[in-house]
Amino acid sequence: MPELPEVETICNSLRASPIIGRKIITAELHWARTLAEPSPQEFTTRILSQTITEVGRRGKFLIFQLTREVLLIHLRMSGEIFLEPDGNPWLPHHRLILRLEGGIRLAFNDARKFGRVWLVSDPQKVVQDLGPEPLDPNFTPQVLYQKLQLSRRQIKPLLMDQTFLAGLGNIYADEALHLARLHPLTPANQITFSQAERLWQGIRQALEAGIRHQGASIDWVYRGGDFQNYFRVYRRTGEPCPECGTAIVRITVGQRGAHFCPTCQTLQG
DNA sequence: CACGAGACCTGTTCGC
DNA sequence: TGCGAACAGGTCTCGT
């Protein structure tokens, strides 16, 4: 489901929620493979009586600081976080339920079961391979240009490679490339410095717009944000490009749908 | 190294 | 109406 703006939105709402300062009373796991580590027995015992002290984000990971350890959740395609009263009936796809003191519970709901949860003492070991945070002040057009020079890969799959840059997925990669007027198949090392500057701008603009709109709500998953109403190209096949009116085209790149304007985003050579 | 295909999963939408 | 195919915000692993 979510990319950086969606995870950021969820993170912000959790941070302002009553889970902060609450102790975990019980943990119920309903799909074993949801847990990346440790074992279900270890997990359900070790997490008990730890208090949630803060919530953060790195790339697409939600990071819950607990009293003694750190809980990380990756929502993958269909994961959602529900904060609900303890008495509520369970929704069909609840995979992990943490009951907190005060009659509330935090549920990880994940229809497709791709999501993963970690309980570790050092979160670095889970997120250490992630690339830079795109909105971090240290991530400059110069840094992006230098990294692009090092790869001959197609720009779209490269932007979605979390070790290259953390947080972009299919929506924001398509949107950023359109803003930058770059074809999704452009070889990274053929991108000029001024194109890299445009791409840097496009990445920031797309992510910041996404965050401003509290993320996108697509299909039946996640309601709340409305960035889907502002897509320039993503899932707009056949509709007019907002810049030039040409019909948006969809191709497959790296097993994923890629949407672009064939007039604004041309491939050189 | 870079790419494609296949896995992992369930649910919705599309085309005949 | 029904049924299969295609598609979906992600990532991992394996083969070429």
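Predicted model of chain A with DNA strand B

User: In this predicted model, how many nonpolar, polar and charged residues does the surface near DNA strand B have?

Analyst: The model is a prediction. Sorted by class, the surface near DNA strand B has charged, nonpolar and polar residues. The counts are five nonpolar, four polar and six charged.

User: Which residues are the closest to DNA strand B?

Analyst: DNA strand B is surrounded by 15 residues. The closest of these are Arg 112, Lys 113, Arg 152, Arg 153 and Gln 154.

User: Why does chain A count as being as compact as a globular protein of its length?

Analyst: Chain A is built from seven helices and eleven strands. For its 269 residues the globule rule gives 18 Å. Chain A is therefore as compact as a globular protein of that length, because a value close to this is found for its radius of gyration, 20 Å.

User: Which residues of α7 make the contact with α4?

Analyst: On the α4 side, the contact is made by Pro 141, Leu 144, Tyr 145 and Leu 148. By class, this contact has eight nonpolar, no polar and one charged residues. The α7 side consists of Phe 193, Ala 196, Glu 197, Leu 199 and Trp 200.

Key: Residues numbered from 1 in each chain as written. Chains lettered and ligands numbered in written order. Predicted model: local features only at pLDDT ≥ 70, side-chain atom pairs only at ≥ 80, totals over all residues. Near = placed C-beta within 6 Å. Nonpolar A, V, L, I, M, F, W, Y, C, P; charged D, E, K, R; others polar. Contact = placed C-beta atoms within 7 Å. Helix = DSSP H or I, 4+ residues; strand = E, 2+ residues; numbered from the N terminus. Rg over C-alpha atoms; globule rule 2.2 N^0.38 Å.
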